[in-house]
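The following note collects comments on the model under review.

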Number of protein chains: 2
Amino acid sequence: MKIIVLKFGGTSVGSIKRIKKVAGIIKSYAKKYNVIVLSSAMSGTTNNLINMSKNISESFSDREYDTLVSAGEQISCSLLAGQLIEKGMKSRSWMAWQIPIVTEGQHKYSRIKVINKVKILKYLKSGGIPIIAGFQGIDKKLNITTIGRGGTDSSAIMFAKFFKADRCIIYTDVEGIYTTDPNKLKTAKKIKNISYEEMLEMASLGSKVMQPHSIQDARLNRINIEVKSSFVNKPGTFITKRKNIINNKIITGISSTDNDAKVTLIGVKDRPGIAASIFKPLSKNSINVDMVVQNISSNGKETDLTFTIKSYDLIKTKKILNNNKNITFKKLIFDKNVSKVSIIGVGMVTTPGVTFRMFQALAEKKINIQVISTSEIKISVLINRSNITKAIKCLHKEFNLE
Amino acid sequence: MKIIVLKFGGTSVGSIKRIKKVAGIIKSYAKKYNVIVLSSAMSGTTNNLINMSKNISESFSDREYDTLVSAGEQISCSLLAGQLIEKGMKSRSWMAWQIPIVTEGQHKYSRIKVINKVKILKYLKSGGIPIIAGFQGIDKKLNITTIGRGGTDSSAIMFAKFFKADRCIIYTDVEGIYTTDPNKLKTAKKIKNISYEEMLEMASLGSKVMQPHSIQDARLNRINIEVKSSFVNKPGTFITKRKNIINNKIITGISSTDNDAKVTLIGVKDRPGIAASIFKPLSKNSINVDMVVQNISSNGKETDLTFTIKSYDLIKTKKILNNNKNITFKKLIFDKNVSKVSIIGVGMVTTPGVTFRMFQALAEKKINIQVISTSEIKISVLINRSNITKAIKCLHKEFNLE
């Protein structure tokens with residue numbers, strides 16, 4: 001039995017017209033494969049439900065939140081199954097509790113622990129196409145749980161894992177993963193193959209097609225993914241392990257962010273452990289500190305410390321720093337007008353001089369680099385936000401991504 | 001443990017504002033009782049979902065229909081439980097499968113067979129207020145089922161039965177049951193007490209506050225019901241057994257319909273079993289024949305037959321009659337401009353002359369009676385629809401309901 005997992009996102013099932021289109025896509029696979037379908041809620045539904053809960057309380061019960069929002073997938077899956085039946089196929093919707101999909105962890109952020117295969121396998125063998133509610137599960141006490149926003153990708157990947165699927169196809173509203181955001185650079189090209197590691201960096205650094213933890217799940221379980229559009233019938237992007245990819249490019253893609261803020265503490269009294277004293281209270285308050293640079297103090301007594309955070313965390317961050325009795329500094333300055341540009345590629349591991357080429361390309365365009373951070377397969381720089389398009393354009397050209 | 005069952009209809013939980021109001025009502029009972037709440041979907045939700053299914057197919061899968069529409073109660077119940085938690089109470093939503101509520105019969109028209117009391121009793125003992133999804137159940141194979149439109153009333157009554165509740169209060173958007181439709185007669189009065197049997201006739205004959213089969217369930221299980229408004233804090237109408245009611249009125253209420261049609265077959269060739277030959281094919285096609293009158297033929301060979309059906313069944317009925325090879329008739333005529341007016345009251349059992357008074361009152365207003373049908377506690381007449389207001393008004397006065 002050759003199994004394929006198809007995942008459809010909210011825009012792919014966003015209307016009855018779209019659901020009919022998706023049913024056609026499913027039917028085309030059903031000739032060759034045993035198809036397992038995971039569906040998100042119709043686009044808009046989940047946000048409507050969340051807004052209703054917020055109108056009751058900003059601290060709406062987590063348990064009831066999960067029950068509330070998971071109703072969205074109940075609607076989309078029953079409609080999609082109904083459409084397949086209408087087209088003469090054997091199909092039915094499956095809610096998490098009917099399978100069951102068992103999760104662990106807290107409400108709103110649960111993780112799928114085990115999927116009971118018995119009923120679904122029996123159903124597949126009978127020629128049925130199961131339409132499974134993504135994003136949801138149940139815990140041991142039969143509470144409905146959800147696995148976080150964008151969670152249907154994770155559901156699909158876990159189904160691919162448990163059912164040893166040949167492939168997992170993520171149907172969405174874009175044609176695949178691009179060398180950089182096509183909205184920011186028209187010459188951006190669709191990537192044919194990308195490694196999990198590169199995709200993970202792309203996702204973490206601002207490419208919004210898939211959530212980082214879904215890609216991580218796929219990487220850990222070696223699930224071959226294809227990301228493609230349910231709107232146009234074109235090949236998408238394959239996400240797979242490095243050794244499956246033959247690539248002569250050093251850089252695979254460029255990502256950028258537009259919600260970073262830079263914070264600088266001037267004249268921090270230097271002593272061992274000062275960085276911990278600054279960052280621990282931020283971490284405790286779930287503020288994610290990204291890039292950090294510390295100027296070595298000339299006199300050995302004072303130092304300037306710069307770091308970036310998400311701009312929506314700025315007010316909270318300033319408050320925490322100003323109330324922190326374990327540190328002394330002269331001045332706190334910040335800049336919301338910054339962006340992070342990153343080049344990503346497994347090719348850079350074996351290619352010397354990539355950093356130099358990046359810096360030179362930016363320098364030639366008179367773009368000032370404020371902060372730098374690197375990993376094995378990516379280099380990120382912080383620049384003024386007004387330079388973002390220029391930066392992406394020149395790097396895209398420099399690394400032959402056109 | 002004194003248990004009370006509260007049921008809230010769609011308009012009662014139709015917005016976040018309404019849900020907040022309802023939470024206040026629940027709280028007021030929670031001081032004195034162990035409260036079990038049954039909630040419908042927010043008004044509009046169920047119809048929206050049904051319309052989506054119709055956009056897929058008029059013959060949308062019954063199984064998927066039940067899964068689809070039951071999402072409505074999942075939304076309203078989680079929001080209501082969330083609101084109670086926000087107000088500091090212990091509460092949670094319960095879907096049918098979490099209890100479970102086991103049904104039998106076919107999809108869309110299932111009936112509650114058994115409610116597992118264990119978890120709910122434990123939860124009540126712990127001081128919790130369970131918010132239970134009405135209208136839904138599960139079958140033995142763990143499919144979601146629904147119990148027909150207006151089914152949350154039935155759910156509430158079955159909970160009252162299984163938990164031996166003191167009372168079942170049906171909260172709705174009207175203040176109770178009226179002597180006649182207040183939209184048609186301004187002097188209509190709220191009825192304080194009404195017997196199951198009278199209420200059953202009222203409901204069957206056009207009073208839309210409760211579905212007949214819910215009342216029948218209450219009658220069979222001797223559940224005391226109060227129907228009242230969740231919008232204004234006023235006593236409603238009690239529905240109970242006859243002997244609980246002290247009533248000096250002969251007639252309790254008057255109902256009327258506005259979707260009847262009259263069909264007359266002229267010159268039907270008379271023979272034994274002719275009525276069966278006419279009505280059996282109609283019944284097979286789920287056409288409900290209501291009032292019937294047959295003129296005895298003068299020559300013993302031909303007869304005229306008149307009966308009423310719902311006006312939306314008219315086209316189908318004409319087709320079936322014209323294609324019926326077992327009967328011969330000269331002419332088929334019909335009239336969509338008719339209404340049925342009924343007077344209902346247990347008092348008429350012991351009071352002679354009620355029929356005469358009704359007919360005389362109508363005759364005085366020059367209202368022609370076309371067809372008559374009676375039961376122990378009701379008399380129905382078919383009249384021209386243009387006379388309906390006049391008829392209700394004069395009967396309301398004749399039987400001292402003002």
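**Comments on the predicted model**

1. In chain A, eight strands make up an open sheet of mixed pairing, in the order E3-E6-E2-E1-E9-E11-E12-E10. Strands pair here if DSSP finds at least two bridges between them; strands (E, at least two residues) and helices (H or I, at least four) are DSSP runs numbered from the N terminus. Strand E3 (91-94) and strand E10 (193-195) of chain A stand at the edges with a single partner strand each, so one side of each has no neighbour in the sheet. From one strand to the next, the twist averages 20°.

2. The model is predicted: local features need pLDDT of at least 70, side-chain atom pairs count only at pLDDT 80 or more, and totals for chains, interfaces and linings use all residues. Residues are numbered from 1 along each chain as its sequence is written, and chains are lettered from A and ligands numbered from 1 in the order in which they are written. The pLDDT, the predictor's confidence in each residue from 0 to 100, averages 93 for chain A, where 99% of the residues score at least 70. For the complex, the predictor gives an ipTM of 0.86 and a pTM of 0.87.

3. Helix H6 (residues 151-162) of chain A lies across strand E1 (3-8), strand E2 (34-39), E6 and strand E9 (167-172) of chain A, and runs at about 175° to E1(A). Contact requires C-beta atoms, placed from the backbone, within 7 Å; axes are lines fitted to C-alpha atoms, for helices over the stretch in contact, and angles run from 0 to 180 degrees between N-to-C directions.

4. H7(A) also packs against helix H8 (residues 212-221) of chain A: the two axes come within 9 Å and cross at roughly 170°. That makes H7(A) roughly antiparallel to H8(A), under a scheme in which angles under 35 degrees count as roughly parallel, over 145 as roughly antiparallel, 65 to 115 as roughly perpendicular and the rest as oblique. On the H7(A) side, A:Tyr196, A:Met199, A:Leu200, A:Ala203 and A:Ser204 meet A:Pro212, A:Ile215, A:Gln216, A:Ala218 and A:Arg219 in H8(A). Seven residues of this contact are nonpolar, two are polar and one is charged; Ala, Val, Leu, Ile, Met, Phe, Trp, Tyr, Cys and Pro count as nonpolar, Asp, Glu, Lys and Arg as charged, and the others, Gly among them, as polar.

5. Helix H11 (residues 354-364) and helix H12 (residues 388-398) of chain A pack at an angle of about 135°, their axes 9 Å apart. H11(A) is therefore oblique to H12(A). The residues that meet are A:Arg357, A:Met358, A:Ala361 and A:Leu362 in H11(A) and A:Ala391, A:Cys394, A:Leu395 and A:Glu398 in H12(A). The contact of H11(A) with H12(A) comprises six nonpolar, no polar and two charged residues.

6. In chain B, an open sheet of eight strands has the order E3-E6-E2-E1-E9-E11-E12-E10, with mixed pairing. E3 and strand E10 (193-195) of chain B stand at its edges, each with a single partner strand, so one side of each is left without a neighbour in the sheet. E10(B) pairs with strand E12 (residues 237-240) of chain B in the parallel sense over three bridges. There, B:Ser195 stands opposite B:Thr240 in E12(B).

7. How many residues does the contact take from each chain? The contact takes 28 residues from chain B and 28 residues from chain A. On the side of chain B that touches chain A, helix H2 (45-56), helix H3 (62-86) and strand E3 (91-94) of chain B each supply at least two residues. H3(B) provides the largest share of that side, 14 residues. By class, the side of chain B that touches chain A has 13 nonpolar, eleven polar and four charged residues.

Definitions and conventions: Contact = placed C-beta atoms within 7 Å.
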